[in-house]
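The sequence and the model are shown first, and the notes follow.

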Amino acid sequence: MSLTKISDIRRRELRHAAYEVLQKEGMAGATVEKVAQKAGASKGIVHHYFKTKQELFEHAMRHSNSLLRDEVIRLMRLARSPEERLWAIIDGNFSAAFFTPGICHAWLALCAEVPREPQLARIQRIVHARMHSNLISALTAIVPADQCETVALGVTTLIDGLWLRLGLRPGELTALEALAQLADYLAHRIPNVPWDQHLARTGSRWQLG
């Protein structure tokens, strides 16, 4: 069994600390000093592992995306039909653990840097490509081929818009309310699937959890 290097553990701790600072401060207020304080480390230690602030927060974005990716994968593995896979992708993006004002605010802060930071732009392209691939894979089995791209675009636009809304106006939207918007959209685009039942099962699962 391979042992985890101390350096790998430290980098992971610093990524997580940067992610938490972003949630609270946004990109403008997030500093290496605040990350060091959050991680219980010195500024010099942070710079030992991450040469620049941009590199540090690039890794924070990777950390955020990996957490969300893992939740979507977990739910997709439980799916037993194409419509369940589609709902799992959507459900994972609005998990109560991630769809919070702080995390949405951090996401907004990172997205605002994408036009100026090629590495962040590359990560964002990878995230969107993964989302698109997952959606098309599920949609191919439940809508005509010439409608897959349109429905996928509608789903991703709603997801991005709802994350944006919570990031800008904390407290005005719950994860379940956001999912209800997606269920309503899908009910119009794919009316032969009982999306309200998928929504109800998600709500019940959260209550039990």
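## Contact between α6 and α8

In this predicted model, Pro101, Ile103, Cys104, His105, Trp107 and Leu108 of α6 are in contact with Asp160, Trp163, Leu164, Leu166, Gly167 and Leu168 of α8. By class, the residues of this contact are nine nonpolar, two polar and one charged.

Helix α6 covers residues 101-113 and helix α8 covers residues 148-168. The two pack with their axes 8 Å apart, at an angle of about 110°. Angles of 65 to 115 degrees count as roughly perpendicular, and α6 and α8 are therefore roughly perpendicular to each other.

## Contact between α1 and α4

On the α1 side, the contact is made by Arg11, Leu14, Arg15, His16, Ala18, Tyr19, Leu22 and Met27. On the α4 side, Lys53, Leu56, Phe57, His59, Ala60, His63, Ser64 and Leu67 take part. Sorted by class, the contact of α1 with α4 has nine nonpolar, four polar and three charged residues.

## Arg15

Arg15 sits in helix α1, which runs over residues 6-29. Which residues does Arg15 contact, leaving aside its neighbours within four places in sequence? They are Phe50, His59, Ala60 and His63. Of these, His59, Ala60 and His63 also belong to the α4 side of the contact described above.

Arg85 lies 70 residues from Arg15 along the chain, and the C-alpha atoms of the two are separated by 30 Å.

## The chain as a whole

The secondary structure consists of 10 helices and zero strands. Along the sequence, the pattern reads α-α-α-α-α-α-α-α-α-α. The chain has a radius of gyration of 19 Å, close to the 17 Å given by the globule rule for 209 residues, so it is as compact as a globular protein of that length. Taken along the principal axes, the box filled by the C-alpha atoms is roughly 60 × 45 × 35 Å.

Of the 209 residues in the chain, 44% are buried. The accessible surface is about 11,200 Å², and 56% of this surface belongs to carbon and sulfur atoms. Among contacts between residues at least 6 apart in sequence, 69% join residues at least 24 apart.

Notes:
Residues numbered from 1 in each chain as written. Predicted model: local features only at pLDDT ≥ 70, side-chain atom pairs only at ≥ 80, totals over all residues. Heavy atoms only, no water. Axes fitted to C-alpha atoms, helices over the stretch in contact; angles between N-to-C directions. Helix = DSSP H or I, 4+ residues; strand = E, 2+ residues; numbered from the N terminus. Parallel < 35°, antiparallel > 145°, perpendicular 65-115°, else oblique. Contact = heavy atoms within 4.5 Å. Nonpolar A, V, L, I, M, F, W, Y, C, P; charged D, E, K, R; others polar. Rg over C-alpha atoms; globule rule 2.2 N^0.38 Å. Buried < 20%, exposed > 50% of the residue type's maximum accessible area, 1.4 Å probe, protein only. Areas by Shrake-Rupley, 256 points an atom, 1.4 Å probe, with all protein chains shown as cover.
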